[in-house]
Each structure stands twice: as structure tokens, then as C-alpha cells.
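Here's a quick tour of one protein model, with an eye on its salt bridges and one of its helices. Have a look at the structure first, then read on.

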Amino acid sequence: MRGRYTTPFQLATTYDGNPLEDHQSFMLNSSIRNSDWVTLFAPEPARRRTVSDSTTLIGPRGPETPNRAEEEGDYVVPVGFGWRCVTLTVAMPRNDAEEAAVRKVLEGPESTVRRLADDGEDTERPVRLKVELWVNGSKRGACREAERRVDRLTADRPSVRVTGTTLRQRRGSVPPTSRWHMYRIPTWGQHFLTSPLKELWVAAGGADVQRSVRLPITSSAEQAEAAFKREDGGGVPFEEGVHSVRRGIAPAADPSDRAETPWWNIRTGTPLRLASILAIVVCGWVARSVPWPWTAAFALPLAAASWYWGKWLTGNAERSWLVRFSAGSMVVLAIVITGYFMLGSAPSSGITASTVLFPVGAWLAALGSWHACRSSRVAQNAVALSPVLILPLPWVIPFFAQFLQSGYLHDNFGIPTSAVSIDPNWTYLIALRPAFFCACVIFICLGMTGWARYFYWNGRGKAYAIAMIACVAAVYLLTIIVASLQGVSEAASRAADSAVAGRDPDPYFGINGNLFCIRPVVNDPAVTNGPLPKDYPVLVFERAGDEVWAWDPRREVSSVAPSPALHVKADHVTTWAPTSGERPCAGDQKG
């Protein structure tokens with residue numbers, strides 16, 4: 001018997017050749033060693049089947065064989081979202097040595113090769129190989145991508161050619177399952193008025209004892225009780241008459257074939273649910289703009305929407321009307337509040353569009369980033385790359401912050417950054433905004449790279465796509481830096497205008513400037529870029545050294561070119577806050 005495929009979504013029924021019981025096929029057996037399981041999100045495409053928790057069992061890894069398609073036993077093909085299996089027929093001249101070399105080249109962690117039956121030993125008839133290659137990406141273009149990979153691997157053998165490609169449909173998809181919970185039977189709720197509340201309390205998990213199993217969707221309550229009795233796991237033992245079981249709330253199993261029916265097909269119900277979400281959001285939006293008596297008119301359609309959503313959310317079992325309506329009301333209420341508060345208060349259509357498009361764009365960027373990183377060298381070396389990317393931040397962010405602070409002080413006032421006292425906390429905060437926007441640009445460009453990878457780089461355009469995305473990222477990063485410097489210059493211009501008008505400027509990320517009168521306490525002090533003004537105040541920032549740096553607003557107004565700041569030894573002058581009047585610095589000094 002040749003090797004049998006264990007499809008990407010088939011649950012394990014055996015372990016080390018021993019059959020598992022029905023309930024063990026869906027629950028983690030504690031006797032299985034941890035080394036026999038690898039993470040489901042491991043970057044290696046040929047990773048073996050694994051679990052992420054005790055309720056998601058996907059079988060153990062099969063034997064490692066050099067030619068897995070011709071060996072006895074089972075082996076596991078790649079798993080996970082986005083994996084496609086393409087079957088290719090490869091023809092080549094009949095030559096045993098050449099065939100062995102081609103098979104060695106084509107076989108790998110993502111492919112298997114076996115020889116198709118031919119007519120005897122006819123040397124004129126070419127050998128046909130069946131190659132099953134797994135590609136990671138979209139269904140559209142998977143055949144072309146698989147053919148390109150085979151052509152690339154056999155580029156030095158012109159006699160090897162691909163004669164046919166077929167995208168294999170997924171077989172043995174995950175059997176629908178249900179989670180069963182064990183709960184303690186409440187002693188109240190015998191009256192017909194409290195009986196619906198009792199059912200709601202039980203369905204919401206209020207009486208659960210924190211034990212659950214996952215069984216096939218066709219299983220009954222008796223089978224669930226038997227599973228709880230067999231597998232106590234050291235928890236609360238199941239007692240007849242004291243405990244009972246309930247099926248967890250979930251939608252009904254999808255009867256449509258996902259491989260043949262796209263999500264937008266009306267049979268899946270997804271388009272109707274998306275349309276209802278939009279309608280509920282519009283109801284919340286309109287309800288905010290109409291008077292209160294008319295708001296009650298939305299109660300009837302919202303109640304109907306709650307019943308529709310509750311029926312879908314609880315469709316895996318028969319539920320009471322209160323359970324269904326309560327489950328649907330929670331969803332509808334959340335959507336209505338979104339429309340009422342977010343869209344209803346939007347002052348313009350631009351903000352409304354941003355409110356709607358931002359979550360969609362963030363979701364697309366996140367999914368694209370996942371496509372870019374998964375099953376890649378980045379994912380394989382994530383543990384090693386994380387310190388390399390994170391450790392430089394405490395040095396990079398302050399460097400960029402000092403760059404912005406220098407643009408504010410030195411470029412606009414002629415005062416060096418080292419001469420002004422700035423709280424170190426503000427040094428980080430001034431750079432957070434541009435750093436956040438830079439991270440957003442990198443995140444979006446990474447998402448673009450992921451979507452390009454998901455669609456196989458549009459054929460042979462991998463280098464072109466990466467180069468274009470890198471150029472776009474560089475342009476936007478430079479734009480953010482330029483915009484940050486422009487914002488700093490605008491803030492400095494506002495501070496200068498306030499000083500010219502005789503007002504203290506607003507603080508800017510820890511850079512505090514005030515108007516002070518200044519007067520020498522020694523004869524003929526050495527003033528750089530002097531003389532010292534004595535009749536009007538100048539702009540002085542908190543000093544960090546033994547010199548006082550001051551910016552003369554009147555000199556700036558009278559001169560054509562920007563005038564440099566003056567500075568003098570701190571022990572040669574005294575400063576005080578100006579008084580009101582036409583001559584604020586004419587009176588006696590205050591300090």
C-alpha cells in the first residue's frame with residue numbers, strides 16, 4: 001500500500017499505530033509527548049500537525065521518508081490558511097539516472113514526486129512524473145506559480161517539461177465540531193416565569209463548572225455525558241442528577257462547500273449579514289439626528305435584526321426565544337452604538353469616510369503583514385530579530401528627538417540645544433508622533449508586500465515589487481521627517497510672534513521660554529552678539545550651563561536677516577520678570 005495523504009484539515013485517529021477512541025480524536029491525550037507536536041504557526045511549510053490548545057487536536061507527525069509518496073504509512077502535508085496543492089505532470093526522456101536526478105531536485109518539504117504508470121519499457125515513450133507541489137498564497141495563480149517553480153528547478157534540463165497542471169481541491173476538511181460544557185443544574189427556575197431566565201443563565205455559562213469537551217457536531221448529549229465521565233481530568237466529577245451538559249452557543253455548521261463557494265455567494269449568508277451591519281449602523285446614525293419621539297420608531301427594525309442575528313449566532317442547537325433574542329441584541333446594540341456615537345457625531349463626510357475606512361485599511365494591512373511574515377525567514381528568526389530591532393530604540397528615538405529640538409532652538413533662535421535645560425521625558429515624547437507615523441508607514445508597506453507575496457508577486461515581478469514598495473516607504477518616511485521639521489519651524493514661528501507681541505510663548509515639549517528683563521551686574525560684561533537691551537524684555541529659555549542665552553525680539557523685527565542670539569556669563573547679569581506698562585524694564589530689578 002502506498003503512502004496515504006493526511007490532508008491539511010483531517011483530525012488524527014491514530015497515534016504510534018494505536019487507534020484512538022472517538023472522543024480522544026478531538027481531545028488532547030496527556031500521554032502524548034510535547035516533542036511529538038510542533039506549533040501550528042511554525043514558519044516551516046512542511047511542519048507536522050499540531051495543537052494550539054486542548055480543544056484543537058490535529059494529528060501527530062508522520063514518518064520522515066526520502067520518498068514519502070512510495071512508502072508505507074501516513075505522512076502529513078502542509079497545513080494552515082492559504083496552502084494550495086497543485087498537481088503537475090512532468091514529462092522527460094526515459095533515462096534512469098536522469099530521472100533520479102530530477103526526482104531529487106523536485107522532491108522537498110513542500111512537494112512529493114511519484115512515477116505514473118506507463119506502457120512497459122518502451123524507450124521511445126517519455127517518462128511521466130506526478131509532482132504534487134504545495135504553494136502558499138491565493139488560489140488564483142497557484143497553478144502558474146507551481147509551474148514556474150518546477151521550470152526554475154529544472155532550468156538546466158531543457159528536456160524536462162511540464163505538460164499539465166491541476167489545482168487539487170481540499171479533501172477531508174475539518175469535521176464540524178461542537179463544544180460541550182458541563183454545568184451544575186440550578187435549583188431555582190421551576191416557575192414558568194423564571195424558567196426562561198434559568199435557560200438564559202445556563203446558556204450564558206453562569207452555571208458552568210469549567211469543564212468542556214469538543215465532539216463531532218452530530219454527537220448527542222448522552223455521548224457528551226459519557227465523554228465527561230471517561231475524561232474527568234482531575235476536575236469536578238460528573239454526577240447524575242447534579243450535573244448536566246449543554247452545547248456551546250455557536251452558528252450552525254456551514255452546509256456550503258468552501259472550496260467551491262466563495263464568501264460573497266448568497267448561499268453563505270455573508271452578504272446578507274454585511275448588509276444588515278451597514279443598515280444597523282445607518283439606523284444608529286439617523287437615530288442621533290432625529291427628535292426623541294421618532295427614535296422609538298427604530299425599535300421594531302432593530303428588534304427584527306436582533307432576532308435574525310440571534311437565530312444565526314445560536315443556530316447549532318434549539319434555543320429558547322430569550323436566549324436567541326439576547327444573543328442577537330448584544331450584537332445589534334454594539335453596532336447601533338458605533339453608528340450613534342461615531343458616525344452620528346461626525347462633522348463632515350471626510351471624517352465619516354475615515355471612520356469607516358480606517359478599520360478596513362488596518363485589517364487589510366494586518367492581514368497583509370501576516371502574509372508577509374508567516375512561513376518566511378523573518379518568522380523563522382523572529383526570536384533573534386526582535387532584540388536587534390528593539391534594543392536600538394532607546395538610542396534612535398532620543399537622537400531623532402534632539403534633532404527636532406535642535407531645529408526648534410538652533411535653526412529658529414540661534415540657541416544651541418546644550419544651553420537649554422529640557423526634561424528627558426520630553427525628549428522621548430517629542431519624537432513619539434513622527435515615530436508612530438513612521439511605524440504606520442512600515443506597517444502598511446509590509447502589508448503591501450504580504451499581499452504581493454500572497455498573489456505570487458504577480459508572476460516574475462518579485463524584485464520589481466520589492467523595489468517599488470521600498471521606494472514608496474522611503475518617500476513617505478522622508479516626507480514624515482520633512483513634515484516634522486516643518487511642524488517644529490511653525491511652532492518656533494508662533495513662539496517668536498508671541499515674544500514680539502510681548503507675551504510668553506507656549507511651552508513646546510519641555511522647551512519653556514519666557515520674557516525676562518536683563519541687566520549687567522559688572523562693568524562692561526563680555527556679551528556675544530550684544531549689546532544687552534535694558535529697556536525691554538528678551539526671550540530667555542531655561543539655561544543648562546553657566547551662560548544666559550537670550551533672543552532679542554525687537555532686533556529680529558528691525559533686521560532684514562535673522563539675527564543671532566546673544567549670550568553672556570550668568571554671573572555677570574541678573575534677570576527678572578518684566579512689569580506692565582510702556583517701559584516694563586525701566587523700574588527696579590526684582591531679583
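## Salt bridges and a helix

At 53% relative accessibility, E240 counts as exposed, where exposed means over 50% relative accessible area, buried under 20% and partly exposed in between (1.4 Å probe, protein chains only). Its partner in a salt bridge is K229, at 2.5 Å from N to O; a salt bridge here is a side-chain nitrogen of Lys or Arg within 4 Å of a carboxyl oxygen of Asp or Glu. E240 sits in the loop between α4 (221-230) and β11 (243-247) while K229 is in helix α4, so the pair ties together parts 11 residues apart in sequence. K229 itself is partly exposed, at 45% relative accessible area.

Before going further, some ground rules. This is a predicted model, so local features need pLDDT of at least 70 and side-chain atom pairs count only at pLDDT 80 or more, while totals for chains, interfaces and linings use all residues. Residues are numbered from 1 along each chain as its sequence is written, and side-chain values use heavy atoms, leaving out hydrogens and water.

By the salt-bridge rule, the count comes to 10. Here are three of them:

| Pair | N to O distance |
|---|---|
| E240 and K229 | 2.5 Å |
| E99 and R115 | 3.5 Å |
| K569 and D546 | 3.6 Å |

K569 belongs to strand β16 (residues 566-569) and D546 to the loop between β14 (538-541) and β15 (547-551), so this bridge joins parts 23 residues apart in sequence. K569 is partly exposed, with a relative accessible area of 34%.

What about E99, buried or exposed? E99 is buried, at 7% relative accessible area, whereas R115 is partly exposed at 30%.

Now for helix α2 (residues 142-153): its 12 residues reach 17 Å from first C-alpha to last, close to the 16 Å expected, which is 1.5 Å times one less than the number of residues. Helices (H or I, at least four residues) and strands (E, at least two) are DSSP runs, numbered from the N terminus. Buried residues of α2 are A142, E145, A146, R148, R149 and V150. Their cover includes β5 (83-92), α1 (96-106), β7 (127-136) and β8 (161-168). E145, R148 and R149 also join E110 in a network of salt bridges.

Zooming out, the protein has 15 helices and 17 strands, and 39% of its 591 residues count as buried. Taking contact as heavy atoms within 4.5 Å, residues 24 or more positions apart account for 69% of the contacts with a separation of 6 or more.
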